[in-house]
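Subject: Structure handover

Hello,

Here is the structure for your files. My notes follow below it.

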Amino acid sequence: MKRWEYKLIGMEDMVKTYAPWESKYGPEGQKYPYGGRVLTALNKLGQLGWEYIEHSGQPYSHGVMKIDTYVFKREKNSG
């Protein structure tokens, strides 16, 4: 039977951790919109064996910032 491990990570932390370049520029100095950084982070997680399951967020309301949480899983090592 397969065993899984799960990861919950907020979008901002995901981008800072897995696409850690300065706000508008990629590793080679090219311009990247923030969405490009999110895609880079998602692809990096995929390369590390994490499979995207879903994400959820709270709508903007009365000055409260939106919080996005991404859920990933990967097969647990048998050791």
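Lys16 forms a salt bridge with Glu12, with the closest N and O atoms 3.0 Å apart. (A salt bridge is a side-chain nitrogen of Lys or Arg within 4 Å of a carboxyl oxygen of Asp or Glu.) Both residues lie in helix H1, 4 residues apart, about one turn of the helix. Lys16 is exposed, at 52% relative accessible area. Glu12 counts as partly exposed, at 47%. The cut-offs: buried is under 20% relative accessible area, exposed over 50%, partly exposed in between (1.4 Å probe, protein chains only).

Please note that this is a predicted model: local features need pLDDT of at least 70, side-chain atom pairs count only at pLDDT 80 or more, and totals for chains, interfaces and linings use all residues. Residues are numbered from 1 along each chain as its sequence is written, and side-chain values use heavy atoms, leaving out hydrogens and water.

The structure holds 2 salt bridges. Glu5 and Arg74 also form one, again with closest N and O atoms 3.0 Å apart. Glu5 lies in strand E1 and Arg74 in strand E3, so this pair ties together parts 69 residues apart in sequence. Glu5 is partly exposed at 27%. Arg74 is partly exposed at 25%.

Next, the fold. The chain has 2 helices and 3 strands, in the order β-α-α-β-β from the N terminus. These are DSSP runs, numbered from the N terminus: helices are H or I with at least four residues, strands are E with at least two.

The 3 strands form an open antiparallel sheet, ordered E1-E3-E2. E1 (4-10) and E2 (51-57) are the edge strands, each pairing on one side only. Strands pair if DSSP finds at least two bridges between them. E2 and E3 pair over 6 bridges. Tyr52 stands opposite Phe72 in E3.

Then the core. The largest nonpolar core has 12 residues, including Ile9, Trp21, Trp50 and Phe72. Such a core is a set of buried Ala, Val, Leu, Ile, Met, Phe, Trp, Tyr and Cys residues joined through side-chain atoms within 4.5 Å. H1 (11-18), H2 (34-47) and E3 (68-75) each supply at least two of its residues. Leaving aside residues up to four places away in sequence, Ile9 touches Met14, Tyr18, Asp68, Thr69, Tyr70 and Phe72. Contact means heavy atoms within 4.5 Å.

Overall, 23% of the 79 residues in the chain are buried.

Best wishes
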